[in-house]
2 protein chains.
Amino acid sequence: MKRNIQEILKSNRLSVTAGREKILRLFLEQSGALAHGDIEKKMGSNFDRVTIYRTLQVFTEKGIIHTIPSADNAVRYAFCKDNCEEGHHHDHHIHFMCSRCKKTYCLDDVVTPDIRLPKGYNAAQIEVVATGICKNCS
Amino acid sequence: MKRNIQEILKSNRLSVTAGREKILRLFLEQSGALAHGDIEKKMGSNFDRVTIYRTLQVFTEKGIIHTIPSADNAVRYAFCKDNCEEGHHHDHHIHFMCSRCKKTYCLDDVVTPDIRLPKGYNAAQIEVVATGICKNCS
DNA sequence: TATAAAAAAGCAACATTGTTGCAAAATTTA
DNA sequence: TAAATTTTGCAACAATGTTGCTTTTTTATA
């Protein structure tokens, strides 16, 4: 796995650093998505908050992770299993937020539906977030 | 319209105050959705930030407005045209965020699609947010 | 309509979250 | 291994969100 992590960083032309490895490992070991705050907690005090902000930013730009919109001002991030390229995600799956355990999942098998928009509107991306009770909590 | 605004407040068992009237008017006069920050700017300095927070909270609880999730840590709010009841929204429309003009619209005529979730997942709500170029910008 | 009760607003203080510039440290390149 | 490049940590700051409490406003009632 460690190998894998370094591969991912290198193939995205990123320096391999302890912080990036650790954050990436968090995403890979994790079934759910992570908010900035979650990561901060899991990283302990060895890493600066600013580093985490910047790492999440480059990971997102590179297409290593993607963002999940939320209504609670806590954007979540999740690893892109599809092979996304820099600046162009193609994660067409939907997301699920459990209101009991508060976890956010990528439902990789559920594809974003086609949606017919009114004339004049042109969608580049469609995000679907379902809220309810997840598998583990029901 | 003024009448209308007071009606809305009263029918939700809320005291009619200058701040609530003004915020509600903003939503009614507005085609797009508003983030807390937008409202703060439009309200000028006559109203306290805290009042705006609390007003948005009660309006949301009462079902007068609904939240729109976002990936930029700036939750938007919009007036509920459907007659939502306290604690139970039924706004089954989707939202559109224009990446050019940055406005967020409720596409009232576009209904949230039915989505088949994996076994065990039970959705209480499904949010769809499309991003792209809106009618006015295209 | 005046008054009491209830609700909301304002204020202050604070906590949390996010941003920026710059010097020090680590990583990569040659 | 040394130089160049990149990343980190730190500090300072800005913006956003929260809480308790007092004053003001609104509503209900006499």
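How do the residues of the surface near DNA strand D divide into nonpolar, polar and charged? They divide into seven nonpolar, ten polar and three charged, where Ala, Val, Leu, Ile, Met, Phe, Trp, Tyr, Cys and Pro count as nonpolar, Asp, Glu, Lys and Arg as charged, and the others, Gly among them, as polar.

This is a predicted model, in which local features need pLDDT of at least 70, side-chain atom pairs count only at pLDDT 80 or more, and totals for chains, interfaces and linings use all residues. Residues are numbered from 1 along each chain as its sequence is written, while chains are lettered from A and ligands numbered from 1 in the order in which they are written.

DNA strand D is surrounded by 20 residues, the closest being A:S15, A:G19, A:T51, B:S15 and B:V16. Two or more residues each are given to this surface by helix 2 (18-29) and helix 4 (49-62) of chain A, and by helix 3 (36-43) and helix 4 (49-62) of chain B. Helices (H or I, at least four residues) and strands (E, at least two) are DSSP runs, numbered from the N terminus.

Around DNA strand C there are also 20 residues, of which A:S15, A:V16, B:S15, B:G19 and B:T51 come nearest. Here helix 3 (36-43) and helix 4 of chain A, with helix 2 (18-29) and helix 4 of chain B, each supply at least two residues.

**Chain A and chain B**

Chain A superposes on chain B by a rotation of 180 degrees with 0.0 Å of shift along its axis (RMSD 0.0 Å). The two copies are therefore related as by a two-fold rotation axis. The superposition is by least squares on the C-alpha atoms of residues with pLDDT of at least 70 in both.

The contact takes 32 residues from chain A and 32 residues from chain B, two residues being in contact if their C-beta atoms, placed from the backbone, lie within 7 Å. On the chain A side, strand 4 (93-98), strand 5 (104-111) and strand 6 (122-133) give two or more residues each. Strand 6 of chain A has the largest share, twelve residues. This side divides into 20 nonpolar, nine polar and three charged residues. Because 100% of the interface residues of chain A are also interface residues in chain B, the copies meet through the same surface.

Strand 6 of chain A runs antiparallel to strand 6 (residues 122-133) of chain B, joined by eleven bridges; strands pair if DSSP finds at least two bridges between them. In this pairing A:T131 stands opposite B:Q125.

Notes: Near = placed C-beta within 6 Å.
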